[in-house]
Amino acid sequence: MDFLNIPLPAVLAQLVVGLINGAFYALLSLGLAIIFGLLNIINFAHGAQYMLGAFFAWFGVQYLGIDYWFALLLVPIAVGAIGMLLERFLLSKLYREDHLYGLLLTFGLALIIEGVFVQLYGVSGKPYAVPEALRGALNLGFMFLPKYRAWVIVASVVVCLGAWLVIERTKLGAYLRAGTENPRLLQAFGVNVPMMITLTYGFGVALAAFAGVLAAPIFQVSPKMGSDLIIVVFAVVVIGGMGSILGSILTGLGLGLVEGLTKVVWPEASSTVIFVIMAIVLLVRPAGLFGRER
Amino acid sequence: MTSAFQPDFEQLRVENLHAYYGESHILHGIALDVRRGELVTLLGRNGAGKTTTLRAILGLTGRRSGAIHLNGKTIIDWPTHRIAHLGVGYCPEERGIFASLSVEENLVLPPAVRSGGMSVEELYAMFPNLAERRKSQGTRLSGGEQQMLAMARILRTGANLLLLDEITEGLAPVIVQRLGEVLTLLKSRGYTVILVEQNFRFAAPLADRHYVIEHGRVVDTIGRAELPAKMEALHQRLGV
């Protein structure tokens, strides 16, 4: 069985690898989409916050004896809390201004955070051990998939679907959707929208940190890990449609697969294919695949 | 009509209210006085400042000055969501139905601001069309149904001061008539209502008092009894 004269097992293996990348794209673009929807801010610090997640997990092991599983729970809370302080004391001053100011502020913050970490820890990666329970590999027939990578896909899909269900099916989600559409009216109904915005930003940042902890055993922990990934994630968000929740999840996973497939067919193009798709989508459907015209 | 328990309770007093949108100065010293259970209207031409008056009471405009007393509390520097919890229900001119929410989600969205709101069943009995379309997307409703929904969702919260902005605008006569019946019912139940209205014929039989607004000021206050005598002057002012 071949696909374009390439053995099928090789294709499937690359698709699985693509799915792993897609799992990270989905988690990160989901956070960006939620933040953009309610705050109208393009959170350029997202990559730095993802990196913070990985570093906090590493600190946990290094200095505090916190293992992977506790880190997976505690690190998003800690980084999310830092995000909430950031929102309350810096971002909240900018809502009356153009989008651009929020972008510039978060971009500046990303550079500062990254710079500090490069200064303190250098650019080389710190190893982070795969947790005991997830060592070894699964035999899928066409490839050996490390258990940890399978876990990353499962964890990401579960968290993304969970977030989507909460947003689409619960009262809390109804507040978020209404606030995304018309925050002033929601506040006139008696909902504490400024508090909601702070919590939402914290949640989006916590998702980035969660992705960072997931990434630590795969990609190693380094100050540049965020900026490498985030440019692709921004392309994913643009393709999916700014602010679309389901769109960001599906596009994230889907583009991971497309990248994987491209690696099989034309390896040299795999790092650019997402940007080519972005350009085409912007020409044909500027609001993105799942976006609504504003 | 006033509440049996607190006759003449002054629910809302607005004094010398100025409000701005950016650099433009819209309200120039609005003054209003509304007792519990009263229905008053704000009349005036387009751009006179009626909508801005409602929005300024809720803190939805830009900079404001003057005084607003609601249930005896001075609220001009309160954040919008706290003002709502004094029992204010707001129905904006554009109706503000959320497209990303179903009819029922729209209906139950606003949190309760006081006890004693109507139940969802009671509201569906009052507006049967909404019950039929409870699963539809909010903005798929007709204009009239959206208006019913915008009214219904603030009646569920227990709000007893309703700020209603142009609720009859662009609606068929049969729906306008239904809204009139609803307002009459609400009045009999002791709700306080401030109604911004272009449709004077709709407002006249319901209102205890009319405030005529021009260039961001109250230029005339007409009680129910004075209305016949002032009809001619009023028509001229409103240009109808």
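A: What follows is a quick chat about how the chains meet and how one of them is built.

Q: First off, what kind of model is this, and what ipTM does the predictor give?
A: This is a predicted model, and the predictor gives the complex an ipTM of 0.90, along with a pTM of 0.88.

Q: And what is the mean pLDDT of chain B?
A: Chain B has a mean pLDDT of 90, with 97% of its residues at 70 or more.

Q: Nice. How many residues of chain A are in contact with chain B?
A: On the chain A side there are 14, in contact with 18 residues of chain B. Helix H6 (171–181) and helix H7 (183–188) of chain A each supply at least two residues of that side. By class, the side of chain A touching chain B has seven nonpolar, four polar and three charged residues.

Q: Switching to chain B: in what order do the strands of the open sheet come?
A: The order is E2-E1-E4-E5, four strands with antiparallel pairing.

Q: Which strands stand at the edges?
A: Strand E2 (24–35) and strand E5 (73–74) of chain B; each has a single partner strand, so one side of each is left without a neighbour in the sheet.

Q: How many bridges join E4 to E5 there?
A: Two bridges join strand E4 (residues 64–70) of chain B to E5(B). In one pairing, B:His69 has B:Thr74 in E5(B) as its bridge partner.

Q: What does helix H1 of chain B pack on?
A: Helix H1 (residues 50–57) of chain B packs on the sheet, where this helix touches strand E1 (10–21), E2 and E4 of chain B. The direction of H1 makes about 70° with that of E2(B).

Definitions and conventions
Residues numbered from 1 in each chain as written. Chains lettered and ligands numbered in written order. Predicted model: local features only at pLDDT ≥ 70, side-chain atom pairs only at ≥ 80, totals over all residues. Contact = placed C-beta atoms within 7 Å. Nonpolar A, V, L, I, M, F, W, Y, C, P; charged D, E, K, R; others polar. pLDDT = per-residue confidence, 0-100. Pairing = 2+ DSSP bridges. Axes fitted to C-alpha atoms, helices over the stretch in contact; angles between N-to-C directions.
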